[in-house]
Amino acid sequence: MVADKGKKPKIGEKIAEENNDQIDGELVLSIEKLQEVQDELEKINEEASDKVLEVEQKYNEVRKPVYDKRSDIIKSIPDFWLTAFLSHPVLSDLLSEEDQKIFKHLTSLEVEDCKDVKLGYSISFNFSPNPYFEDAKLTKTFTFLDEGTTKITATSIKWKEGMGVPNGVAHDHHDHKKKGNKRCHEEDSFFCWFSGTQQKDVLEEIHDEVAEIIREDLWTNPLTYFNHDADEEDGDEGDDEENGTDDSEEDDEDQEDDDGEDDEGN
């Protein structure tokens with residue numbers, strides 16, 4: 001008897017296929033329900049973010065006069081911001097020796113959020129009259145756009161005659177070449193942070209680490225870094241005193257040994 005090539009699948013195989021279809025249907029339904037719940041969570045998170053921003057904006061206004069009071073006190077402390085920068089583990093590497101001379105004229109630093117904090121913020125450096133540039137204020141502004149990009153603008157520094165390079169002094173380019181250092185002075189200066197984007201009104205998707213450090217770390221409590229420098233000096237003095245004590249003790253012991261030897265000789 002010839003086998004029927006078109007015979008139907010076995011009953012077990014048919015049941016398995018039906019079960020698979022049922023599982024697939026249940027899986028799709030579960031995923032759809034999960035997506036609905038996730039959408040609900042996203043909506044709540046958006047509402048929460050809006051509320052957080054409202055609170056942040058409110059307290060920005062509360063903090064403003066306190067920041068102003070702090071700035072007035074800082075102005076009475078010589079080289080406060082220079083010391084804070086030099087004591088910071090990251091920012092200290094950005095200041096050249098010439099930058100440090102310019103920073104001695106830095107009277108205040110300001111970080112200001114837009115009224116709508118979602119729109120961005122600015123960082124401003126205020127200087128007393130100095131021999132390096134005409135500007136009394138250097139500002140870098142970060143504007144957050146709907147496209148998820150950041151628009152960055154900065155003050156175009158008006159260097160005084162003979163101070164046309166970003167680190168504020170007129171270098172001898174021949175001497176620079178003799179040293180074998182081909183690196184541009186601009187790259188050695190903190191002030192290239194301004195010149196890098198100045199006069200460029202373009203969209204730039206940039207992660208500005210320096211700005212974030214100043215805004216989130218240094219600005220919130222600069223006293224931490226100013227005191228850090230003072231603490232290190234106190235620590236050095238303490239070490240010197242301890243060493244001095246140890247040396248005195250050793251001298252006393254040596255003197256006692258010498259006296260003992262003299263007595264034996266007598």
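The model is predicted, so local features need pLDDT of at least 70 and side-chain atom pairs count only at pLDDT 80 or more, while totals for chains, interfaces and linings use all residues. Residues are numbered from 1 along each chain as its sequence is written, and side-chain values use heavy atoms, with hydrogens and water left out.

The protein has 8 helices and 5 strands (DSSP runs numbered from the N terminus: H or I of at least four residues for helices, E of at least two for strands). Read from the N terminus, the order is α-α-α-β-β-β-β-α-α-α-β-α-α. Taking contacts (heavy atoms within 4.5 Å) between residues at least 6 apart in sequence, 58% join residues at least 24 apart.

Of the 266 residues, 27% are buried (under 20% relative accessible area, with exposed being over 50% and partly exposed in between; 1.4 Å probe, protein chains only). Helix α2, residues 80-87, is largely enclosed by the rest of the structure, because 7 of its 8 residues are buried. Those are Phe80, Trp81, Leu82, Thr83, Ala84, Phe85 and Ser87.

Glu32, Glu36, Asp39, Glu42, Glu46, Glu47, Asp50 and Glu54 make up a negative surface patch (residues with over 30% relative accessible area and no salt bridge, like charges being joined within 9 Å; a salt bridge is a Lys or Arg side-chain nitrogen within 4 Å of an Asp or Glu carboxyl oxygen). One of them, Glu47, sits in helix α1, residues 11-74, and is partly exposed at 43% relative accessible area.

Methods. Patches are made of residues with over 30% relative accessible area and no salt bridge: like charges are joined within 9 Å, nonpolar side chains (Val, Leu, Ile, Met, Phe, Trp, Tyr) within 5 Å. Accessible areas come from the Shrake-Rupley method with a 1.4 Å probe; for residues, only the protein chains shown count as cover. Lys and Arg count as positive and Asp and Glu as negative; His and the chain ends are not counted. The place of a charge is taken as NZ of Lys, CZ of Arg, CG of Asp or CD of Glu.
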